[in-house]
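Please read it alongside the sequence and the coordinates.

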Amino acid sequence: CGLLLPAALEGRWCHASVARPRAAAHCSSAVASVPATATDLTALLTEAAETRGVDDQAVVDALLELEKRMRAASKEDGALSLATLAALDGSWQLAFTTGTVDMQNKLGARINYFPIKAVQTFDTTTMGITNGIYLGDFAVLRFFGSFEWAESARRLNFDFDEIAIFGLRVRLPKGGAAQIGASTGLGSENNVARAKRDKPAFFNWISADAKIATARGGGGGLALWQRVDPQDS
């Protein structure tokens with residue numbers, strides 16, 4: 001799923017078929033981003049994010065089924081994409097991930113409930129993105145960058161150009177975030193290859209509502225986030 005913070009992100013934006021939101025509707029619009037036929041799945045995934053107690057295979061099955069239903073729903077509802085983007089505004093803590101395909105192959109198994117505090121934030125007004133690893137409320141490692149939204153695909157393309165380690169913030173070279181992700185196992189080798197072709201890392205978003213968000217990363221992994229209070233900037 002990108003850097004499993006969860007994102008290794010680099011590249012330049014291709015502006016064709018990429019939309020900026022006309023207005024940053026907040027999570028009150030999130031209800032519209034999940035059709036009624038998927039509420040049973042989002043209820044299970046919300047429980048998983050809040051309790052970390054749902055069987056991991058049940059979580060994976062729910063993510064796969066939700067992905068299928070949302071793909072079908074998006075073909076019928078043209079407003080679904082921008083509603084999903086609007087609902088993403090805010091801070092999200094990674095609750096569950098299958099890991100990238102690369103990581104699954106290395107470990108011979110899926111990652112499931114994420115054991116450390118990893119928080120990703122989206123600002124749909126400025127189109128800014130951050131990703132961080134925390135010890136309590138202290139940010140050990142944070143990435144800073146920007147994103148764009150490919151409306152028809154519900155794809156969030158993003159890039160990181162700065163990193164902060166224990167609060168010391170420095171610029172990243174082109175492709176630097178992807179290299180860090182791949183070398184640490186937090187990201188996909190696919191992101192390194194994409195960066196070399198001037199292509200950004202991405203998430204294909206499945207859903208987002210007032211409590212949870214779900215996506216498939218460019219590395220092939222599935223992930224579940226829980227909405228949290230905004231992190232300090």
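The side chain of Thr-46 places a polar atom 2.7 Å from the backbone oxygen of Thr-42, a polar contact being a pair of N or O atoms within 3.5 Å in which, within protein, one must be able to donate a hydrogen and the other to accept it, and residues adjacent in sequence count only if both atoms are side-chain atoms. The model is predicted: local features need pLDDT of at least 70 and side-chain atom pairs count only at pLDDT 80 or more, whereas totals for chains, interfaces and linings use all residues. Residues are numbered from 1 along each chain as its sequence is written, and side-chain values use heavy atoms, with hydrogens and water left out.

**Overall architecture**

- The protein chain contains 6 helices and 9 strands; helices (H or I, at least four residues) and strands (E, at least two) are DSSP runs, numbered from the N terminus.
- Of the 233 residues in the protein chain, 55% are buried, where buried means under 20% relative accessible area, exposed over 50%, and partly exposed in between (1.4 Å probe, protein chains only).
- Among contacts in the protein chain with a separation of 6 or more, 65% join residues 24 or more positions apart; a contact means heavy atoms within 4.5 Å.
- The accessible surface of the protein chain is about 10,200 Å², and carbon and sulfur atoms contribute 54% of this area. Accessible areas come from the Shrake-Rupley method with a 1.4 Å probe, and for residues only the protein chains shown count as cover.

**Thr-46 in helix 1**

- Thr-46 belongs to helix 1, which spans residues 39-51.
- Thr-46 has a relative accessible area of 13% and is therefore buried.
- Beyond its neighbours within four places in sequence, Thr-46 is in contact with Lys-211 and Ile-212.

**Helix 2 and its buried side**

- Helix 2 (residues 56-76) comprises 21 residues and extends 31 Å from its first C-alpha to its last, close to the 30 Å expected at 1.5 Å a residue; the expected span is 1.5 Å times one less than the number of residues.
- The buried residues of helix 2 are Val-59, Val-60, Ala-62, Leu-63, Leu-66, Glu-67, Met-70 and Ala-73. They lie on the same side of helix 2 because they cover an arc of only 155° around the axis, the arc being that of the directions from the helix axis to the C-beta atoms.
- An α-helix has 3.6 residues a turn, so residues three or four places apart point the same way.
- The cover over the buried residues of helix 2 includes helix 1, helix 3 (80-88), strand 1 (90-97), strand 7 (201-208), strand 8 (212-217) and strand 9 (222-228).
- Exposed residues Lys-75 and Glu-76 are carried on the face of helix 2 turned away from its buried side.
- The N-terminal end of helix 2 is capped by Asp-55, which has a side-chain oxygen 3.1 Å from the backbone nitrogen of Gln-57.

**Salt bridges**

- The whole structure holds 8 salt bridges, each defined as a side-chain nitrogen of Lys or Arg within 4 Å of a carboxyl oxygen of Asp or Glu.
- Glu-65 and Arg-69 form a salt bridge at 3.2 Å, N to O. Because Glu-65 and Arg-69 are 4 residues apart in helix 2, about one helical turn separates them.
- Glu-65 is partly exposed at 25% relative accessibility, and Arg-69 is also partly exposed at 25%.
- A network of salt bridges links Asp-40, Glu-65, Lys-68 and Arg-69.
- Arg-216 and Glu-67 form a salt bridge whose closest N and O atoms are 2.8 Å apart. This pair connects distant parts of the chain, with Arg-216 in strand 8 and Glu-67 in helix 2, 149 residues apart.
- Arg-216 is partly exposed, at 23% relative accessible area, whereas Glu-67 is buried, at 13%.
- Asp-161 and Arg-171 meet in a salt bridge at 3.9 Å, N to O. Asp-161 lies in strand 5 (residues 155-165) and Arg-171 in strand 6 (residues 168-171), so the pair ties together parts that are 10 residues apart in sequence.
- Asp-161 is partly exposed, at 28% relative accessible area, whereas Arg-171 is exposed, at 58%.

**Buried loop residues**

- Phe-114 occupies the loop between helix 4 (101-107) and strand 2 (117-123) and is buried, with a relative accessible area of 11%.
- Phe-114 and Gly-99 are separated by 15 residues in sequence and by 9.5 Å in space, C-alpha to C-alpha.
- Gly-221 sits in the loop between strand 8 and strand 9 and is buried, at 0% relative accessibility.
- Gly-221 and Thr-98 are 123 residues apart in sequence, with their C-alpha atoms 5.4 Å apart in space.
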